[in-house]
Amino acid sequence: MAAYAKHANNLGYDDEGLHAFTQKGLASTLDDTLGVDELVALVLECGKYGVDAMALLDKANTTSYGNPEITKVNIGVKTNTANYYPAFKKYKHLVGNYGNAWWKQNQEFDSFNGPILRTTNCIVIPKPSYKDRIYTTGVTGFPEVKHIEDGVNGKAKDFSQIIKKAKKCAAPKEIEKGEIVGGFAHNQVITLADKIVDAVKSGAIKRFFVMAG
């Protein structure tokens, strides 16, 4: 929840109620007077603010970059990596999708070969084999890992050292071939609602799976 709120904040979107609950929730972990009923209520309240955080991030992303569109992207390897947001499609060097879930980073960062910039959550202890290619910025950090500081006097962050590193690295090792289709955000699904209903009625669609994380 904190990571989503921080992403939204980076784009200029905030929710004071969300920040207040985050402080309340953290403070409550130190309050030994709370009983089961109070803690269950706190968990339910956390769920409410979790949804609020997702809504805030969705608003920040779609307002800034447009609504995601159904797009087919390459999961193989090229010399340079894509997005479903319209604002990023104009950049030809964003060409694909590399790797799987965050918990596989210890294996996939090895084979990626290039530098990796960590902006918020899900960093695990880097292996020595790729630790020199890990960079952090913003609220993320790790001992003995290079950190990109905020720009001074409102200036942009300086990512030149990552670019310099990338030019010296080998190309990623291919771990998959083919393509995946993504971009099924709520706005895109709503525009296809009539077709989806017809597909359900005809039996072409038999199940829906929710992938959440």
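Biologist: Quick one to start: which residue does Thr137 stand opposite in E4?

Modeller: In this predicted model, Thr137 stands opposite Ile148 in E4. Elsewhere along that pairing, Tyr135 has Lys146 of E4 as its bridge partner.

Biologist: And how do E3 and E4 run, parallel or antiparallel?

Modeller: Strand E3 and strand E4, the latter covering residues 146-148, run parallel and are joined by three bridges.

Biologist: What about E2 and E3, how many bridges there?

Modeller: Strand E2, residues 116-118, pairs with E3 over three bridges, in the parallel sense. One of the residue pairs is Ile116 with Ile134, the latter being the bridge partner in E3.

Biologist: So what's the strand order in that sheet?

Modeller: The order is E2-E3-E4, in an open sheet of three strands with parallel pairing. E2 and E4 are the edge strands, each of them pairing on one side only, and from one strand to the next the twist averages 35°.

Biologist: Are the residues on the two faces of E3 buried or exposed?

Modeller: For strand E3, residues 134-137, both faces are covered, with Ile134 and Thr136 buried on one side and Tyr135 and Thr137 buried on the other. Ile134 also belongs to a core of seven residues, which includes Phe112, Tyr130 and Val145 as well.

Biologist: Changing topic to the helices: at what angle do H2 and H3 cross?

Modeller: The axes of helix H2, residues 16-28, and helix H3, residues 36-65, cross at roughly 145° and come within 10 Å. The crossing in which H2 passes H3 is left-handed.

Biologist: Which residues meet there?

Modeller: From H2, the residues in contact are Gly17, Leu18, Phe21, Lys24 and Ser28, and they meet Leu42, Glu45, Cys46, Tyr49, Ala53 and Leu56 in H3. By type, the residues of this contact divide into seven nonpolar, two polar and two charged.

Biologist: What does Phe21 touch, leaving out its sequence neighbours?

Modeller: Not counting residues up to four places away in sequence, Phe21 touches Met1, Leu42, Glu45, Cys46 and Tyr49.

Biologist: And Ser28, why does that count as buried?

Modeller: Ser28 counts as buried because its relative accessibility is 15%, and the cut-off for buried is under 20%. Ser28 lies in helix H2, and with residues up to four places away in sequence not counted, Ser28 touches Leu34 and Leu42.

Biologist: OK, which residues make up the largest nonpolar core?

Modeller: The largest nonpolar core has eleven residues, namely Ala5, Ala8, Tyr13, Leu18, Phe21, Leu42, Tyr49, Ala53, Leu56, Leu57 and Ala60. Helix H1, which spans 2-10, supplies at least two residues of this core, as do H2 and H3.

Biologist: Which helix gives the most to it?

Modeller: H3 gives the most to this core, with six residues. The core of seven residues that includes Ile134 is a second, separate one.

Biologist: Stepping back, how many helices and strands does the chain have?

Modeller: The protein chain has seven helices and five strands, and read along the sequence they follow the pattern α-α-α-β-α-β-β-β-α-β-α-α.

How values were computed: Residues are numbered from 1 along each chain as its sequence is written. This is a predicted model: local features need pLDDT of at least 70, side-chain atom pairs count only at pLDDT 80 or more; totals for chains, interfaces and linings use all residues. Side-chain values use heavy atoms; hydrogens and water are left out. Axes are lines fitted to C-alpha atoms, for helices over the stretch in contact, and angles run from 0 to 180 degrees between N-to-C directions. Helices (H or I, at least four residues) and strands (E, at least two) are DSSP runs, numbered from the N terminus. A crossing is left-handed if the near helix is turned anticlockwise from the far one by less than a right angle, and right-handed if clockwise. Contact means heavy atoms within 4.5 Å. Ala, Val, Leu, Ile, Met, Phe, Trp, Tyr, Cys and Pro count as nonpolar, Asp, Glu, Lys and Arg as charged, and the others, Gly among them, as polar. Buried means under 20% relative accessible area, exposed over 50%, partly exposed in between (1.4 Å probe, protein chains only). Two strands pair if DSSP finds at least two bridges between them. A nonpolar core is a set of buried Ala, Val, Leu, Ile, Met, Phe, Trp, Tyr and Cys residues joined through side-chain atoms within 4.5 Å.
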